[in-house]
Structures are given as structure tokens and as C-alpha cells.
Amino acid sequence: MYVCSRIPAQFWLKIAWPLYGMSIVLLLLVLFVGESVNGARRWISIAGIQFQPSEIAKFTMILVFAKLTREYGSAARKFRYGVFGFGVT
């Protein structure tokens, strides 16, 4: 947490969309190469480390929503940018 807090916010906003794309790829990858643990296929194992892509997706969604909020600002009060824009993402 400390290390992440030392990284400038501009960096996180800059990589929000690439991380979003990566998280979607990882979520889809679970369907094909995911490992089943206790009957649920939610885990990916890379180099002996198991993780759930949904945890990365949660963090990425926070970054994307923060970026959209910053970009649209007060325009987010309109349906097109606020509800619809965030709903499509």
C-alpha cells in the first residue's frame, strides 16, 4: 500500500485503460486456462503463483471510474456521460 501511494496519480490515470484491457483479457483467460479450486474455476497460475483476475479487475475499475470522473467532471451529471458512460464501461 505504501509503495502504491508513492506513485503519482497521473501515472495511475495514464495506465487505467491499458490495465482495464489487461484485466478483461485475464478474466477471459480464466475460461480457458483457469484452475479449478474447490469446484470453482476462478484461479490462474503463472510461474507457480496463483491469483484471481477478479481482484485485478476490481482495482482497475476503480482507476477507470476515477479517470472517467476526472475527464467528464461536471458533465457527468448528464445521463449521456454519467449513468450511460459509466454503465457501458
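Author: A residue counts as buried when its relative accessible area is under 20%, and as exposed when it is over 50%. Keep in mind that this is a predicted model.

Reader: Is glycine 34 buried or exposed?

Author: Compare its value with the cut-off. Glycine 34 has 8% relative accessibility, so it counts as buried. Glycine 34 sits in the loop between H3 and strand S1 (35-37).

Reader: Which residues does glycine 34 touch, not counting residues up to four places away in sequence?

Author: Glycine 34 touches Leu29, Arg41 and Trp43. There is also a distance to note. Glutamine 50 is 16 residues from glycine 34 in sequence, and their C-alpha atoms are 9.9 Å apart.

Reader: Now glycine 39. Where does it lie? Is it buried or exposed?

Author: Glycine 39 lies in the loop between S1 and strand S2 (40-46). Its relative accessible area is 73%, so glycine 39 is exposed. From glycine 39 to isoleucine 24 is 15 residues in sequence and 22 Å in space, C-alpha to C-alpha.

Reader: What about values between the two cut-offs?

Author: Values in between count as partly exposed. Phenylalanine 65 is the case here: its relative accessibility is 31%, so it counts as partly exposed. Phenylalanine 65 is in helix H4. Leucine 13 is 52 residues away from phenylalanine 65 in sequence, with 9.9 Å between their C-alpha atoms.

Reader: And valine 64: buried or exposed?

Author: Valine 64 is at 0% relative accessibility, so it counts as buried. Valine 64 belongs to helix H4.

Reader: How do I read a pair of helices? At what angle do H3 and H4 cross?

Author: Start with the axes. Those of helix H3 (residues 16-33) and H4 come within 9 Å and cross at roughly 150 degrees. Angles over 145 degrees count as roughly antiparallel. H3 and H4 are therefore roughly antiparallel to each other. Then check the handedness: H3 passes H4 in a left-handed crossing.

Reader: Which residues make the contact?

Author: From H3 they include Trp17, Leu19, Tyr20 and Ser23. From H4 they include Ile56, Ala57, Thr60 and Val64. By type, the contact of H3 with H4 has 15 nonpolar residues, three polar and one charged.

Reader: Let's take threonine 60. Where is it, and is it buried or exposed?

Author: Threonine 60 is in helix H4, which spans residues 53-72. Threonine 60 has a relative accessible area of 1%, so it is buried. Leaving out residues up to four places away in sequence, threonine 60 touches Ala16, Leu19, Tyr20 and Ser23.

Reader: Which backbone oxygen lies 2.8 Å from a polar atom of the side chain of threonine 60?

Author: The one of isoleucine 56. The cut-off for a polar contact is 3.5 Å.

Reader: And serine 23? What does its side chain reach?

Author: Serine 23 lies in helix H3. Its side chain reaches the backbone oxygen of tyrosine 20 at 2.8 Å. Serine 23 is at 3% relative accessibility, so it counts as buried.

Reader: Which residues is serine 23 in contact with, leaving aside its neighbours within four places in sequence?

Author: Ile56, Ala57 and Thr60. Read that beside the list for threonine 60, which names Ser23.

Terms used. Residues are numbered from 1 along each chain as its sequence is written. This is a predicted model: local features need pLDDT of at least 70, side-chain atom pairs count only at pLDDT 80 or more; totals for chains, interfaces and linings use all residues. Side-chain values use heavy atoms; hydrogens and water are left out. Helices (H or I, at least four residues) and strands (E, at least two) are DSSP runs, numbered from the N terminus. Buried means under 20% relative accessible area, exposed over 50%, partly exposed in between (1.4 Å probe, protein chains only). A polar contact is a pair of N or O atoms within 3.5 Å; within protein, one must be able to donate a hydrogen and the other to accept it, and residues adjacent in sequence count only if both atoms are side-chain atoms. Contact means heavy atoms within 4.5 Å. Axes are lines fitted to C-alpha atoms, for helices over the stretch in contact, and angles run from 0 to 180 degrees between N-to-C directions. Angles under 35 degrees count as roughly parallel, over 145 as roughly antiparallel, 65 to 115 as roughly perpendicular and the rest as oblique. A crossing is left-handed if the near helix is turned anticlockwise from the far one by less than a right angle, and right-handed if clockwise. Ala, Val, Leu, Ile, Met, Phe, Trp, Tyr, Cys and Pro count as nonpolar, Asp, Glu, Lys and Arg as charged, and the others, Gly among them, as polar.
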